[in-house]
Structures are given as structure tokens and as C-alpha cells.
Amino acid sequence: MLLLRSVMIASPRARSGERVTFFLGEIDLLWQLTSYGLLMVAGFLAGIVNTVAGGGSFLTLPALMLFGLDPKTANATNRIAILCSTASAVATFRKHGHLDRALTIRLGVPTLAGVPVGALLAVYLSADAFESVFGVLFIVMAVLLMANPKRFLESGQHATYPAAWQYPVFFSIGIYVGFIQAGMGILLLLAMSFFTNSTLAASNAVKNSIGLVVTLTAAIVFIAYGMVDWVPGLVMAVGNVVGGVVGAQLAIKRSSRFVFIFLVIVMMATGIKLVLSP
């Protein structure tokens with residue numbers, strides 16, 4: 001009788017504890033769903049930015065770290081999302097007939113060759129020490145673009161530099177990509193404006209194709225070392241794929257002036273971000 005009474009007294013508390021546990025579980029589930037939703041949104045926006053200009057990683061990396069990933073894991077996982085967005089962008093450009101395969105190969109080979117050199121430099125040198133320098137460089141380039149917009153806006157109507165110079169230039173871009181990568185698409189678009197008379201849509205197609213190969217190379221390395229957190233990476237990739245398609249359509253359908261303005265804004269934001277990085 002005493003035992004039964006003890007159980008009856010304890011039962012309300014037990015039920016109360018169960019309700020609290022259930023409530024906390026619901027909050028945790030809601031937070032996880034919200035976090036995954038934010039990853040998709042960040043991936044979608046970054047997919048558009050990366051496709052039209054570059055620098056979308058400044059959106060996705062903080063989102064992945066907010067999700068709980070450490071910087072190295074976030075950097076590795078981010079490559080999976082970028083790979084998916086560039087793949088969807090390239091497919092969209094190809095579907096609309098804007099992909100120049102010969103130009104992609106010609107510029108992509110020296111770029112890819114420079115990536116391992118930059119990666120080795122990153123092993124021995126701190127990228128943080130050079131971020132402010134690169135940031136100032138992006139801001140200066142944005143100002144120069146605004147001072148001479150015709151180089152971007154009037155394809156086929158400006159002088160180009162000798163083709164032989166493009167190999168060391170794109171090799172240098174590859175070193176930069178392997179070293180720090182931020183703003184890779186911006187640098188590729190700028191370089192192409194000096195060596196080709198392609199439209200911005202065509203240049204974007206080549207830029208994304210080169211980015212696809214470079215990112216795939218990096219992703220394979222990170223996967224081999226087990227540095228990728230697949231669940232948040234694939235969730236973000238869903239947003240990146242959609243953003244890549246939308247960004248490619250914007251680059252194709254909207255005027256060159258729209259893409260130019262978008263590019264300058266991203267360049268300025270990238271430069272300021274690098275300069276102000278702690």
C-alpha cells in the first residue's frame with residue numbers, strides 16, 4: 001500500500017518531466033529545421049552571386065560555421081555546394097548555347113596548373129596576412145572598372161592584349177585560387193576582358209566552367225582527407241543548384257549593364273570584407 005502511494009505521488013512529477021523533455025525536443029527539432037532552411041537560403045543566394053560575378057563563399061562559409069562547423073570543415077564542405085552550383089550554371093549556359101569549349105580549355109589549363117602551387121604556398125604562408133592586400137586590390141579594380149565600363153559593356157569593340165600573355169596571367173590566377181580563392185570568378189572575368197572580346201554572358205559561361213574544374217579538383221582532395229560534412233553540405237547544395245540556374249538565366253537574359261553593376265557591387269563588397277577581416 002505504501003509502495004502504491006509512492007508511485008501515485010511520483011507520477012505527476014514524472015509526467016511533468018516528460019512534458020519538459022518533449023518540449024525541449026520540439027525546440028531542438030525546430031532549430032535544426034530552421035538551420036537547414038538558412039543553409040538552403042544561403043546556398044541559393046551564393047549560387048546567384050557566384051554565377052553572375054563571384055564571392056558567394058562570403059555567404060556560405062559564415063552560414064556553415066553558424067551551423068556548427070569549424071572553419072576547416074566549413075571550407076571543405078563549402079566546395080561541395082559550390083561544385084553543385086557551378087555544375088547547374090554550366091549546364092544552363094550550355095543549354096542556351098553560350099559555352100565556348102575551346103576558350104574554356106585554353107584558359108582553364110593554365111589556371112588549373114597554378115592551383116597546386118597556390119595550395120602549397122598556403123601550407124607555409126598565412127592567407128590572413130595577405131587578405132587586406134587582396135582586398136585593396138579588389139577595390140582598386142572596381143574603381144578602374146567604373147572608370148572604363150566599355151571594356152565590359154561593349155564586347156568586340158575594345159583592344160585585347162597578345163594571346164601569349166594570357167598563359168602567365170591565368171596561371172597566376174590559379175596560384176591565387178589555390179592560395180585564398182575568394183573572388184576567383186571576379187578575377188577570371190577581369191582577365192577575360194583583357195584577352196577576349198566575348199560578351200559578359202559568354203565570359204560567365206567560361207568562368208563557371210573553369211570554376212567547375214578547379215572546385216572539383218579541390219573537392220576530391222577534401223573528400224579524400226575526410227574533411228567534408230555531407231549532410232549540411234548537401235542541404236546547402238540544394239539551394240546552390242537552384243541559385244546556379246537562376247544566376248545563369250540572369251546573366252543570359254538581363255542586359256550587360258545589369259551584370260556589370262552587379263559585378264562592381266560584389267567586387268567592392270569582397271574588397272571591403274577582406275580589408276576588414278580580423
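The exercises below, each with a worked solution, concern a predicted model of one protein chain.

**Exercise 1. Overall make-up**

State how many helices and strands the chain has, and what share of its residues counts as buried.

Solution. 
- Step 1. The chain contains eleven helices and zero strands.
- Step 2. Read from the N terminus, the order of elements is α-α-α-α-α-α-α-α-α-α-α.
- Step 3. The chain has 278 residues, and 44% of them count as buried.
- Step 4. Among contacts with a separation of 6 or more, 84% are between residues 24 or more positions apart.

**Exercise 2. The nonpolar cores**

Determine how many residues the largest nonpolar core has, and which residues have the most contacts inside it.

Solution. 
- Step 1. The largest nonpolar core has 38 residues.
- Step 2. Seven entries make up the list of helices that each supply at least two residues: helix 1 (2-52), helix 4 (101-124), helix 5 (128-147), helix 7 (166-179), helix 8 (184-195), helix 9 (200-224) and helix 11 (256-276).
- Step 3. Helix 8 gives the largest share of this core, nine residues.
- Step 4. Another core, of nine residues, lies apart from the largest one; L64, L69, A81 and V235 are among its members.
- Step 5. Inside the largest core, the residues with the most contacts are F170 and M267.

**Exercise 3. Surroundings of F170**

List the residues that F170 touches, leaving out those up to four places away in sequence, and then describe T111 and Q166.

Solution. 
- Step 1. With that exclusion, F170 touches L107, P110, T111, L188, A191, M192 and F195.
- Step 2. T111 is located in helix 4. The relative accessibility of T111 is 0%, so T111 counts as buried.
- Step 3. Beyond four places in sequence, T111 touches F170, F171, G174, L188, I210 and V214.
- Step 4. Q166 belongs to helix 7. The relative accessible area of Q166 is 2%, under the 20% limit, so Q166 is buried.
- Step 5. Q166 touches R106, L107 and F195, again not counting residues up to four places away in sequence.
- Step 6. Between Q166 and L107 there are 7.6 Å from C-alpha to C-alpha, although the two are 59 residues apart in sequence.

**Exercise 4. Aromatic pairs**

How many aromatic pairs does a search of the whole structure find, and what describes each?

Solution. 
- Step 1. The search finds two aromatic pairs.
- Step 2. Y36 and F67 form a tilted pair, with 5.3 Å centre to centre and 45° between the planes.
- Step 3. This pair links distant parts of the chain, since Y36 is in helix 1 and F67 is in helix 2 (residues 57-67), 31 residues apart.
- Step 4. Y36 has 24% relative accessibility and therefore counts as partly exposed. F67 has a relative accessible area of 27%, so F67 is partly exposed.
- Step 5. F170 and F195 form a tilted pair, with 6.3 Å centre to centre and 55° between the planes.
- Step 6. Because F170 lies in helix 7 and F195 in helix 8, the pair ties together parts 25 residues apart in sequence.
- Step 7. Both F170 and F195 are buried.

**Exercise 5. Helix 3 against helix 9**

Describe how helix 3 and helix 9 cross, and which residues meet.

Solution. 
- Step 1. The axes of helix 3 (residues 71-95) and helix 9 come within 8 Å and cross at roughly 145°.
- Step 2. The crossing of helix 3 with helix 9 is left-handed.
- Step 3. From helix 3, the residues in the contact are N75, A76, R79, I80, I82, L83, T86, A87, A89, V90 and F93.
- Step 4. From helix 9, they are A201, N204, A205, N208, S209, L212, T215, L216, A218, A219, F222 and I223.
- Step 5. Sorted by class, this contact has 16 nonpolar, six polar and one charged residues.

**Exercise 6. A loop glycine**

Is G183 buried or exposed, and which residues does G183 touch?

Solution. 
- Step 1. G183 is in the loop between helix 7 and helix 8.
- Step 2. The relative accessible area of G183 is 3%, so G183 is buried.
- Step 3. Not counting residues up to four places away in sequence, G183 touches G55 and F138.
- Step 4. G183 and F134 are 49 residues apart along the chain, and their C-alpha atoms are separated by 9.6 Å.

Conventions: Residues are numbered from 1 along each chain as its sequence is written. This is a predicted model: local features need pLDDT of at least 70, side-chain atom pairs count only at pLDDT 80 or more; totals for chains, interfaces and linings use all residues. Side-chain values use heavy atoms; hydrogens and water are left out. A nonpolar core is a set of buried Ala, Val, Leu, Ile, Met, Phe, Trp, Tyr and Cys residues joined through side-chain atoms within 4.5 Å. Buried means under 20% relative accessible area, exposed over 50%, partly exposed in between (1.4 Å probe, protein chains only). Contact means heavy atoms within 4.5 Å. Axes are lines fitted to C-alpha atoms, for helices over the stretch in contact, and angles run from 0 to 180 degrees between N-to-C directions. A crossing is left-handed if the near helix is turned anticlockwise from the far one by less than a right angle, and right-handed if clockwise. Ala, Val, Leu, Ile, Met, Phe, Trp, Tyr, Cys and Pro count as nonpolar, Asp, Glu, Lys and Arg as charged, and the others, Gly among them, as polar. Rings of Phe, Tyr and Trp (its six-membered ring) pair if their centres lie within 6.5 Å; planes under 30 degrees apart count as stacked, over 60 as edge-to-face and the rest as tilted.
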